[in-house]
Amino acid sequence: MRLPTVPRATRILDRIPAQRRLPLGVYAVTQFIFLVWWAAFYPGGMSYDTISYVWHVTTGHWESNHSVAYDGLVWLSIQLTGDLAILTLIQTIAMSAALAYVTVTLRQFGVRGRWSAPAAIACALLPSIGVFTVFVWKDVPYTIGAVLAFGAAGRLAARRLRGESSVRDKAFRNEIALLGLGFLCMALFRNNGLLVAVIAVPVLLLALPRMRRWLLAATVIPVAVSALLNTVIYPGLGVTTPTKDQVYAMNYADIAVVYGTAPHTFTKADTDLMAQVAPLSHWSGRAANCYNADWAMRKPMNRQKADQLNSELIDLWVRVMKRTPDQMISARLCRSHIAWSPFPGPRDLMGHTLISPPAVPKNLFGWADWNEEMKDSPYRPILKIRPLSEQLNDVADFTWKASKTPQLQWLLFRGAIWCYAAYAVILAFSRRNRTWAPVAMLAIPLALQLTVVAANPAPLARYMFAPMFIGIMTLPLIGAKPRFGRKAAAPATPVSTSKTEDQPERDAEPEPAR
């Protein structure tokens, strides 16, 4: 009698170790979805910043007002292929791998694959962050780094829950290395990205006390590398540093907002200084818009004069902060509302959620109107969407536009709500399991959110896409059922009943009273 044949796909699946099926499955599905977005918007979504990157690397105007590291990737992609598609393709691969990594992290907390896999797939399917992944933007690798750091912090927390916080094995070193790599990506690909590590490290040290030296290495080293590159290496290579009016534009905007609301607090010396840079009517008028710092820097603001008088203007900013701290804090919170408010501000003041479409206008977002190098650039043919399938582009573009429905933007384009969801889920999980270790994961979205609060020019949606990925991936913890209890932390070998400071039982969470 002839035995029934086993399907080839089943035989291949059987060869894959059981513990690897979840990450490989998540990677394969999310990669396929990202490839659909990539094909629909080939070679990738583009914005005003994209044109800046190409101008930097094709005309020799390397500047550190954007990420020099990402400029290098753009240059490499153009040099190797003459296009940008390989860069966006690599971004999809890296994001799929990071999401698969987080699903395995969640499994260590007792989250079943049937819950973590749909969360990862949702990240790829949602038009807002799925399309974002195929943009030519420094914010994409920044976000990948945040997702990676979140996954690594989770694994360290799970190790703490298992009572393995004092073990220094290869897996532990890998987790620390990936945490450091995540922070390094954030520091390299956004100029203020090093703040994430600075803000996150106190929470990590409190939640994971037996790993402090390693955590310091994973946070301090990326910060030091980023600082060294920006202050020594890049200038030494001839990269132009930003002008002072670019660096301190938000400080000027703060002054304008306070002057517009409380002009009586300014002395004659203050206003005389301000008048050298722009008419006082500008300072108290359009420049006083607390939602968007760009309004302060527009004409008649004399940016060259502001650069020359920057030290005096910063001294004025300090005086304003001391005199009216409430007004200054209000200005910062207003401008950073994309970080903490689920809902947008008034559209007439550009307080609404600023969302960049993936399409490229013929004038290259205005670059071709005023920049002769880009107007006649031989690279203009690659600076447009060339979908691999027009029908696919039609469907993808319609889906992306539909997701911008104003009533849904709090959910699909504003990361604040996902920060609060992550906080609630992680804190509930910690309370349920009577341990602070999982709070280590909370350090990443908290640092991302506070970094935007600290320095933000406008309510740009992309600044909060990283918390969206993390918030969605946190939801499966709601139904987590850890397989290890607090007794798992106890040592395997018998110990005397009189405990000492050197006993590893100190690493364990106390068993709840019965």
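I began with the second largest cavity, where the lining consists of S64, H66, S67, V68, A187, L188, R190, N191, S226, L229, N230 and Y234. On a 1 Å grid over the protein atoms alone, I took a cavity as a set of points where a 1.4 Å probe fits but cannot get out, a pocket as an open set with protein on both sides within 12 Å along at least five of seven lines, and lining residues as those with an atom within 4 Å of a point.

The model is predicted; local features need pLDDT of at least 70, side-chain atom pairs count only at pLDDT 80 or more, and totals for chains, interfaces and linings use all residues. Residues are numbered from 1 along each chain as its sequence is written, and side-chain values use heavy atoms, with hydrogens and water left out.

I noted a volume of about 60 Å³ for the second largest cavity, a volume being the space filled by probe spheres set on grid points joined across faces, edges and corners. Helix α11 (212–236) is listed with α9 (170–189) as supplying at least two lining residues each; α11 has the largest share, four residues. Helices are DSSP runs (H or I, at least four residues), numbered from the N terminus.

I then looked up the largest cavity, which holds about 100 Å³ of space. Its lining has 13 residues, with W137, I355, S356, R462 and F465 nearest the centre.
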